[in-house]
Structure formats: C-alpha cells, structure tokens
Amino acid sequence: MRVISAVNGLITSESVALYALKYAKVYRYTLILLHVLNGEDSEDEVKKSMENIEEIAKEYEVKTERVFLEGTPISTIREYIENTNNIDTLFCATRIRKRFFSHSFSEKLTRTKLPINIAVFRIVHVNSALLTENIVMPIKSSRLSIKKFTFFASMVKAYEAKSEIYSVTVVNRWKWHDIDISATKERLEKINSKLYHYIKLFKLINLHLHIKHAFSQNEAEQVLHHLSHHNFDLMVIGGQRLSTFSRLLGEKPIEVILKHSPINTVAFYPKKEK
Amino acid sequence: MQSFKMDKQILFKKFKTSQSGLKSFEAKKRLDSFGLNSLEQKKKKNYLIAYFSQYIQFFAILLEVAGVLSFVADHYVPNEGSDILGYAIFGAVIINATFTFWQEYKADKAMEALLKLMPTMVKVKRDDEIITIDSKFIVPGDILILEEGDRVPADGVLIEQNSLYLNLSSLNGESMPAPRSLIDEEAKRAIEAKNMVFAGTTVVSGSGIAIVTATANATEFGKIAGLTQNVQKSLTPMQKEIISITKILTIIAIFMGIIFFALGLFSDKGVLIASIFALSLIVANVPEGLLPTITLSLSLASQRMAKRNALIKNLDSVETLGSATVICTDKTGTLTKNEMTLKHIYLSSGESVNISGDGYFSGGEFEIENSNENTNKRVEELLNTGVLNSRASIEGKNIQGDPTELAIIVASNKKQLQTPNWQKIREITFSSDRKMMSSIYQVEDKIEIFSKGALEVILPKCSSYIDSNGEKLNLNEEIISKINDKAYEFESEAFRVLAIATGSGEEEANLTFLGIVAIMDLPRVEVAPAIETCKRAGIKIMMITGDNPLTASAIAKKIGLDYDRVITGNELENIRDEELEKILERETILFARMSGNQKLKIASALQNIGEVVAMTGDGVNDAPALKKADIGIAMGLSGTEVAKEASDMILLDDNFSSIVSAIEEGRTVYFNIKKFVTYILSSNVPEIVPYILQFFFKIPLPLSVIQILSIDLGSDMLPGLALGSEKPEKNIMNRAPVGKKEKILDWEVFKRGYFFIGIIEATSAMVAFLLFLHFHGWEYGVVDLNDPLLQKQAMTMTLLGAVTCQLLNVWTMRSWEFSAFSMGFFSNKLLLVAMVIEFFWIWMLLNVEAVQNVFNTAPIPLSDLWILLPFPILLFVSHEVYKWRRRVKLEIVK
C-alpha cells in the first residue's frame, strides 16, 4: 500500500509530508512524494523539499518514490489515483487565506470524489511535525466514526503520543442556567458508555486514551479554549465537505477551528464507499 | 528538537530562510498558507440573522399571530376592516423590529470603528533589504528587526541581540523588564525560553534580530487570547428583565384575549366579533414601543457614558453596571497614574528635599529642609548623575523607557537642569541579580562612572560621601545608619528607593555616595472622592494588584480604601474555592502579588456568593476574568486588544473614577427604564378599558386598533425616550445597588402604571368619549351611530383623553420618588422637543385630513375640548401626592 503526500516546495507541504512519513511508517507503506507541474511552484524548491523529506525518510526507514505529473492538478491527480492501486491516504496542506471564486487545492480535492482517504493539514507550527507528543481529537458528544477513529489511532501510534478524545456537548444559552446535576450525570454516562469500546481498543494496541467532557454554548470556541489551556501538538478533526452555498450561511464550526487553531490540525475525509 | 533549542543554521534550514530574509514571492505564498498575523474576532455577527431574530421575540410572535388571525377573519368575513388591522399589525411588527435592529447595529458599528486599530509597522529583512511592513503581513521564517520601543509582532527565536529587554507583562503580568539571551539551555517550554521573543510584548531596551517561528493564533499571545473565548457568560440582568417583562405582558395579553374570546362565544356576539375583540385586546395589551424605547434609551446612556470616558460595548451592560456590588480594580494606572514620581531626595549630608507635583507632565517646586548655599548644587549633581545613567527619554508627549528613570528625568526637568553633553563610553546594564546599573562617561580628560540601584547594593560599593559643605569625606557608620533609617522610612510608606553614587574610573567600586531618591506611582486625585461615593452607594472595592502588600496597603491608605486583610497570590493558590467564598462573604480583601489568571478565581468566587462583579484588567492574562465578570472593564490607554475584546466596557482614560461615573449612569438607566415602562403601561389601560366597556355595555366603538397603535408606536415613543434620558436622581448613589431580585416590572410599576395612573387615564378617555357623545345627542343603548363624523369625533376624544393624560404623566414620571418640580423644567431638552412634537401631532390629528383618514380621527370643536382638561391635572397632582406620601413613608422606615 502507499501513502501520497502532495509537495509544492512550501514549508507547510514539507511539514505535511513528515506527518505522512510517520503514518506510512506505522503501516510500512511506501510514501509517494507527488507534485503536479503547473508553472506556479518553483521546481527547484519542490525538488529541494523532496530531498529533505527523503533524507528524513531514510532515517525512519520509510521507502519513498517521487512522482511528477503534468496537467491541471485536480484532474491529473484523480486520474493518477484511479490508475494506481493500493493508495490508502493522500496528505496535503491547506492555505488559510480563502478566495471566494478560487478554491484552494485541498478544497477542490475534498470536493472531488476520490476512492481514497484525504488528510488536509493546517500547519501553524512548522517544527512540530516530528515533535508530536500530545494528540487530541474533539468530537461532538459521542459522535465518532470508525474511520476517523482509526486515523486518529494511527497518528497516535505513529508518534507513540498521549491522546485525548475531547467530547463537547452543546447546550444553548437559555438552557445553560438550568444545567441539572442528575441530567448531566446521565448524559455523561451515556457518552462514556458509547465511547467505551474505543478505550478498550486503545488498550488492546497498548495506547493510552483519555476522554474529557465539556458542556458549552459554542462547540468551536470550547475546542479552541481547550487547546489554549493544554499543550497539544496535533488535533485531528473530522472533515466536512462544504458547498459554496453552505459557506454563504456563515462559518461552520470546522472552519472556525481550522482557521483559529493554535496548533497543527488535520481534517480527515474518509474515502467515499461505492 | 524545539525551535528555541536549534542553532541558527538549523533554524534557517527548518524555516527555509537565511540571514538575508525571505524572498518576497515566498513571503507572499506563506501568507496564503499561514494567514494574516492578526488575532481576528472569532465570531462575526451575522446581521441578517440578527435582523430576522427580531421577528421571533415574544411580542413580535404574539403580534404576528394576531396579524395572521386578522387576515383569516378577513378571508371568511370580508369588508369588515380586518385586513386593515392585519396590515397595521404587521406594519407595527416591521417598524419595531427594524428600529430595534437599527439601534443595535449602529451601536455595533460605532464600537467597531472605535476598536479599529492603526496598523503596527515593523521592520523585517526581505530580499536582503530591511523594509517596514504592516505587522499583519509577517510570516514564519521572516527575519525580524527589533529596536527599543518596538512592539513584537510574532513569536521568534533570537539570532542576534544587544542588551535586549522585553516587557512581558501582557503575557505573564510581570512588569519588570525581562532580559533576553541567545542561548537558553534550561528552558523546557517556549514560553520560558530566554532566547525567544513573543508577540504582544514590547522592547524596553536594546535591540535584536529574530527568526519568526509562529504568527497569529499560534503565538503564545494568541493561545492566551484563546482562553478568553469560552468563558461562559450568563444572561445580563437586562436580558433577563426583558424576557421577564415580555413573558408577563404576553401572558396577560393572551389571558385577556382568551377570556374575551370565550365571553364573546358564550354571548350572542358570534365567532367573528369575539375574535376581533380578542385580537384588539391582545394588541392593546402589548406595549409595541417598549423594546425599541429600551434599546434607544440604553444607546443614549452608552453615548452619555462615552462622554464620561466609559465606552460601552454591549448595550445591555449599561444596566448591569447599576447592579454592580463589587468593583475589583487594578492599582497601577487605574487607582494610580502609572507615572512614577520622584517625591523625596535624601542627600548623603542629611538634608531632605521634598518635590511637589505628580506624574510626568506636571510642574513642581523643590522644598529643601536645612539647606545651605551648597545644597542646590548637590541636588543638581545627584539628579544629573541619575539622568546621565539612564536610557529613558521624554520628548513632548513621547515617553520612552523605564518608569523610575523617567521619574528622575522629570525631577531634573522640574529643576530645569541642563544635562552635561559628555560622551558615553559604555554601560554596565541592570539585571535582577545585580540590582544596579552604571554608565561610564568621558568627562573632559577623565573617565567617570555614574551608578544607581538598590541601596543595599550601592552602599557597600561606596567609600565616601559628600558632606553639607560639598567636601568628600569617608563614609562612616553614623552616616550609613542615617541613610538606612531614612530609606526604611521611605520604604515603609511604599516608596521605591534608589541609591545614587558616582566615582572615578570604570569600576563599580570606591564610589562616592550622593543620596537616595524616593519614587512612587501616586494615586489619582479623583480616586479618593470616587471611593467615598462607592462607600455611600454600598459598593465594595477590592484592589487586585501584582505589587507587593506593602505598596498596595500604602496606596489603599492614601485613597481611603478600607480592607480587612491582605491575601497574596501564593496564599490564594492554597485557598480552596469554597473557603475563598466564605472569606469574601465576611471580609473585604486586598489582593497583592496577584497574577492575571488568579483574577478569574476571585471573580468566580464573588459571583458564587451572589455579588455582581465589575472587574478591571489590561493584560492578555486578565482577559478570562474580564469575560467572566458581570462587567469586564478594559483599560483604553494601557490595555491590550485582547483585554478590550474580552471586556464589556472600555475606560478611555484608565481612571477608576470613570467606573464610578459609569455605575451612576447604570443606576440611572435602571430607574429611567422603570419610569418609562410605567409610563408606557399607563397608556395600556385606556387602550383596554374601552374594549371591555364596549363588550359589556351598549355603547359605540370608543377606540380603533389603529388608534391604539398610534399611541404605542407614535405618541408614547418620544416622551418615553425622553424619560429614558432623564438625568440621575439626587439619591442615586446613596442607595444600595440594584438587587439581583429587584425587577423593573415589579408590583410598584404595575400598581402605578395599571391601577393608579392607568385607571385615571382610562377614566379620562371614557369620560371624554361619553360626554362628547352625550353633548351631541347620543343616548345610551345606541351602538351604531348613523353619523360617521360623530363616530370619528367621539373616538378622537377617547384618543385625546389618553394622549393628554400621557402629556402630563411624562412630567410627573420624571422622578420616581422626588417632586417633578425638583427636576428643573429645562433640564431635559429631549422632553421639551417631545412636547412640541406631541402638540404638533395632536394638531395634525385634529386638522390634517390625510392623518385623519389613516387614524380615524376628526376635528373637534374648540368648545368641546375643555372636557379633556380635568383628568391630566388630577393625574399630575395625585401622582405628586403619592410620591410625597411614599417619601414620608420611606423616611420613617429609614
């Protein structure tokens, strides 16, 4: 199997490749360093980036391959993926400055129906890709898909990191004053029992998982507040494919988190089953 | 390896940069990836949602249902005017929603404009050139050039530095400048690393070059700013009040609507008539103008507060201020001027010098005890030594440097001294270990050293002193003892004491002791009277300061701030929350040596024991407490943007007395709202009673629904608003804070509004209606008048009966407890304007055909208008008597 990391010569894409490298090592996958020649990125910088990554990959005993394609990035990549078997996940960086009519590479990628998982990274600390010790995954109440959990577990395993699932239950402003202790207890117990098997799974693979709870009026703000309070190095969140129309209706929690996260964050988009 | 542990070359490789800086195109690409280097507000208000939410308020929903029912009635029984009623009701809803939204929108926009920052320009190296750019365009990998006075725009690792000191107070509350170095082997976390610079901090002295490692939210500053984002805030007392008022009035309206609908069904009036009656009663019961009047009144109050240097960010907070029971205030800059002032000099020869004036910009006189012809010269020598050994500077209003050095420069300016123009050779910098600094100068052909620092450090380095004749003598035990005694005396009064000495050569040894100076950040003059006012107003004041207990208590004493005991930051750490609550219930505490994050604990404890907390703060680490407090107050001059963002109110002058003024305004607003709610409720009764009477008795329709709306959304609005802008009553700061359980819509408001003034107004309206009909030949039992003009005239009389009563009601309602005559006829300009407009409106109702067509009114012969006179006078006199009796009763209770 293989893992693809999109490299464009920028320090952010280089950081993402290091995350991909750690992930590839867990499963002994080959890391494909992919670049689509498009005239925008400096080929020299791309090659330098690839050299840097290959150097580190050697240390980690991860096999790498360079792939240069030519054409319109998204369609070229789609074609490549469709013609190449055994690709597990595509790692790429996202840019934070959005342009209304020109979506970023990662946005276009997540909107395209691809038969692989996509991990979109928002890099704010260039230096933490190899220094990750604490990973957190916020979830809404007990909502957690197997695929997202598996990706989270893989990243935790890759870094042998401490991990935490941060469950946020949203309570509206008007009910905030009436939070009742017995109802709260019942709610928390329910969430815990739903998440219990994940803790068990972690124990099975010799990893330790913490579950923390919070009640909040605003999910995104609560997560950002939690990040500010603790020394996490990486956050895993579930990706959400947003249409242009849904954007018009205001920022979604996932966008707020991605935009304002003080740590490196990965939004995981599981592959769409046929 | 963490960034601060990497050497320069690895850092360059890691961040793909070099000594020459980033290439411009690379920086541009990185800006796309990392985003702007600014801490954006996380939640942008969606104005579309805000506008439409006005349509789902209790009152609005009630009216909308009434409107829909009107159209339903019109569908089944057309041409009965139900459709016009429907349009009128929806018109009222739209006007109400738009007006309320517009007020909030305007307040928001005004705030945004005030908070908009001037761009901070910073120097970076790009394409091998030093350029100045807006700090928001900084990206990781940029090479940052830092100089004295600069604000650090991002986190970075130093690659070069020269005696660099940062003020980290915005991050950790520590006001002492923190030295930086190129290597820090011991640090485990970035925030501890001495080879790092941090966003939000400032360069106190020295210079440096750093590689940017993190920008915006990823910086340490950004992380702390994130802490403020999720302190859950409860509803403000005003929001709770509005919910409570709307609930009560909605229940009354629905209840009456249902009763009359049922009565209509059981009588022979039929479903349609019963529905119209029910609808009319609902419309009459809902004070449509109440919400916009409250919003407008709060908006006007916030404008008045801005004039008194308190900028309100959230309109509802205005009223919360009136309920404040505790003010937790900083010391430096709020109670004091944050301008160190040199007040006393003690010369080595034993003469004392007192200097008048406080702060950086006041003048002052030197008063010398036991002086002789040499004293002045020795004072000048001491001040010159201080100035020569300083990096601070004052040029016009531009102040830079260490506060204690500034105090010496100001004293030297007061003496109009010319600092000698000698050449500075080098400087031995201050550090917290050395506790002294020295400057070495070439003085003609000699080299001289000028030193200042802690007395216990300087004195042992001195071998001589200058006596009263200007002679240099050997330092002896007697002189040392006298100097120590004096220093102790100053320190016990919370002065900061600095020793000043000079000598020959470059060594900090064998110095000649010149004297000591006593410096203090003095209290603001307006603070003591403001504290006195708070005492009378039943508001507790708790000082929370990072300073030591001695300084804090000395300032508290100077300003008349009472407290039971001092608790330090370390002690607070060991006090459990429940224990702290018990202590705060019993005692007033002075909190010393506190860090910003401990304020949150204090605010929570105070709130848990039922206090309404106003909390001041300026640093980033104060932000969570500001957000948690019922009223977070940020400092406009010295506060960080994060603190301002987290606060409800910004003090434009950082002055404690402005908080007290704001509280006075807050209390005024509370009572003004009470007054105009009573005023608005009063006119509900003459709107309801005609319908009830028409239901039970055989009389024509006394008032139409459109006329009800003309009162609620027309004639009541401006006078109501004028009541909202009434000035404070004379006892406003002599009463206890507005209690949490005190409601605006309490029994007193109901009693006065519905059952006293309302009944008089209803009587006025019905007497006017019936007498007018009677004078024009109507007899009881005739329900349908054949003369449409007579019907319109009679309805106009009902309307005028209510409106004229409201004309005098607004005057007597100007004071809740005191006589209307004590308020001054011309003191409320808006009320005078409202009166003129009211009379004009009445004139239009009687004379302008277009208005008459819309509002079902008609001209009234002058000979019939006298009917309207007695009741307004009765209303005014009886309410004045009521207030007088209440004053007497309250006085007896007191």
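**Notes on a predicted two-chain model**

1. Let's start with the cysteines. For orientation, a disulfide is a covalent bond linking the sulfur atoms of two cysteines. Please keep in mind throughout that this is a predicted model.

2. Next, chain A as a whole. Its secondary structure consists of 9 helices and 10 strands. Of its 274 residues, 55% are buried. The accessible surface of chain A is about 13100 Å², and carbon and sulfur atoms account for 50% of that. If you take the contacts in chain A between residues at least 6 apart in sequence, 79% of them join residues at least 24 apart.

3. Chain B can be described in the same terms. Here there are 31 helices and 27 strands, and 57% of the 894 residues count as buried. Chain B has an accessible surface of about 37700 Å², with 57% belonging to carbon and sulfur atoms. For contacts in chain B between residues at least 6 apart in sequence, the share that joins residues at least 24 apart is 71%.

4. Helix α28 (residues 788-812) of chain B and helix α29 (residues 829-847) of chain B have axes that come within 11 Å and cross at roughly 170°. Angles over 145 degrees count as roughly antiparallel, so that is how α28(B) runs relative to α29(B). On the α28(B) side, the contact is made by Thr796(B), Leu799(B), Leu800(B), Val803(B), Leu807(B), Val810(B) and Trp811(B). Their partners in α29(B) are Leu831(B), Leu832(B), Met835(B), Glu838(B), Phe839(B), Ile842(B), Leu845(B) and Leu846(B). By type, the residues of this contact are 13 nonpolar, 1 polar and 1 charged. As background to the spacing, an α-helix has 3.6 residues a turn, so residues three or four places apart point the same way.

5. Which residues of helix α26 in chain B are buried? They are Met717(B), Pro719(B), Gly720(B), Leu721(B), Ala722(B), Leu723(B) and Gly724(B). Because 7 of the 8 residues of α26 (residues 717-724) are buried, this helix is largely enclosed by the rest of the structure.

6. Leaving aside residues up to four places away in sequence, Thr385(B) touches Phe450(B), Ser451(B), Ile500(B), Ala501(B), Thr502(B) and Leu514(B).

7. Most residues other than glycine have a negative phi. Glu160(A), although not a glycine, has a positive phi of about 50°. Glu160(A) is in the loop between α5 (146-159) and β7 (162-170) of chain A, and it is exposed, with a relative accessible area of 53%.

8. The other case is in chain B. Ser163(B) is not a glycine either, yet its phi is positive at about 45°. Where does Ser163(B) lie? Its place is in strand β4 (residues 155-167) of chain B. Ser163(B) is partly exposed, with a relative accessible area of 27%.

How values were computed: Residues are numbered from 1 along each chain as its sequence is written. Chains are lettered from A and ligands numbered from 1 in the order in which they are written. This is a predicted model: local features need pLDDT of at least 70, side-chain atom pairs count only at pLDDT 80 or more; totals for chains, interfaces and linings use all residues. Side-chain values use heavy atoms; hydrogens and water are left out. Axes are lines fitted to C-alpha atoms, for helices over the stretch in contact, and angles run from 0 to 180 degrees between N-to-C directions. Helices (H or I, at least four residues) and strands (E, at least two) are DSSP runs, numbered from the N terminus. Angles under 35 degrees count as roughly parallel, over 145 as roughly antiparallel, 65 to 115 as roughly perpendicular and the rest as oblique. Contact means heavy atoms within 4.5 Å. Ala, Val, Leu, Ile, Met, Phe, Trp, Tyr, Cys and Pro count as nonpolar, Asp, Glu, Lys and Arg as charged, and the others, Gly among them, as polar. Buried means under 20% relative accessible area, exposed over 50%, partly exposed in between (1.4 Å probe, protein chains only). Accessible areas come from the Shrake-Rupley method with a 1.4 Å probe; for residues, only the protein chains shown count as cover.
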